[in-house]
Amino acid sequence: MTERLATSALAEAVQEAVLGTPGVAFLRPGIADLLRAANPLTKAAAASPRSSAVRISGDKGTAGRHAEVHVVLSRGHRAVDVTREIRAAVTQTLERLTGEQPSRVSVTVTGRV
């Protein structure tokens with residue numbers, strides 16, 4: 001498996017973990033996601049689980065892996081509590097799949113619905 005495919009698989013696993021966190025309404029769509037969804041020729045691609053809201057960078061070694069997540073929260077949930085839960089879910093998922101703890105997990109709340 002190439003490094004790019006491995007990173008993509010990690011991002012999909014992290015995405016599932018984030019979406020399973022109480023208080024997360026959805027992942028923030030990026031410009032690529034919006035354009036993909038707006039183009040009628042790419043409806044199949046729009047249904048793809050890939051999202052620009054979850055990025056995994058780095059690799060095994062000295063720098064470690066970095067995870068970056070952008071989410072929109074549901075009203076009625078405290079952002080600080082939800083972001084802590086997201087960080088824990090991402091860390092646990094990456095540890096389970098890679099055998100090492102990520103060096104950084106960044107969670108950005110971009111809105112509430």
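**Reading the salt bridges and the fold**

Mentor: Let us begin with a network of salt bridges, which links Arg78, Asp81 and Arg84. Please keep in mind throughout that the model is predicted.

Trainee: How many salt bridges does the structure hold?

Mentor: The structure holds three. In one of them, aspartate 81 pairs with arginine 78, and the closest N and O atoms are 2.9 Å apart. In another, the side chains of aspartate 81 and arginine 84 meet at 3.9 Å, N to O. A pair counts as a salt bridge when the nitrogen lies within 4 Å of the carboxyl oxygen, so the 3.9 Å pair is included.

Trainee: Where do aspartate 81 and arginine 84 lie?

Mentor: Both residues lie in helix α4, three residues apart, which is about one turn of the helix.

Trainee: Which residue meets arginine 55 in a salt bridge?

Mentor: Glutamate 68 does, with a distance of 3.6 Å from N to O between the side chains. Here the places in sequence deserve attention: arginine 55 lies in strand β2 and glutamate 68 in strand β3, so the pair ties together parts that are 13 residues apart in sequence. Arginine 55 is partly exposed, with 45% relative accessibility. Glutamate 68 is also partly exposed, its relative accessible area being 27%.

Trainee: What pattern does the protein chain follow along the sequence?

Mentor: One reads the elements in order from the start of the chain. The pattern here is α-β-α-α-β-β-α-β, made up of four helices and four strands. As for contacts between residues at least 6 apart in sequence, 70% join residues at least 24 apart.

Trainee: Which residues have the most contacts inside the largest nonpolar core?

Mentor: That core has 19 residues, and those with the most contacts inside it are Val14, Val18, Ile56, Val71, Ile86 and Val90. The elements that give two or more residues to the core are α1 (3-19), β1 (24-27), β2 (54-59), β3 (64-73), α4 and β4 (104-112).

Trainee: What share of the protein chain is buried?

Mentor: Buried residues make up 33% of the 113 residues.

Trainee: Which element has the lowest mean pLDDT, and which the highest?

Mentor: Helix α3 (residues 43-46) has the lowest mean, at 47, whereas helix α4 (residues 79-98) has the highest, at 96. Over residues 44-48 the pLDDT is below 50, and this stretch has three contacts in the model beyond near neighbours in sequence. The protein chain as a whole averages a pLDDT of 83, with 73% of the residues scoring at least 70.

Definitions and conventions. Residues are numbered from 1 along each chain as its sequence is written. This is a predicted model: local features need pLDDT of at least 70, side-chain atom pairs count only at pLDDT 80 or more; totals for chains, interfaces and linings use all residues. Side-chain values use heavy atoms; hydrogens and water are left out. pLDDT is the predictor's confidence in each residue, from 0 to 100. Contact means heavy atoms within 4.5 Å. A nonpolar core is a set of buried Ala, Val, Leu, Ile, Met, Phe, Trp, Tyr and Cys residues joined through side-chain atoms within 4.5 Å. Buried means under 20% relative accessible area, exposed over 50%, partly exposed in between (1.4 Å probe, protein chains only).
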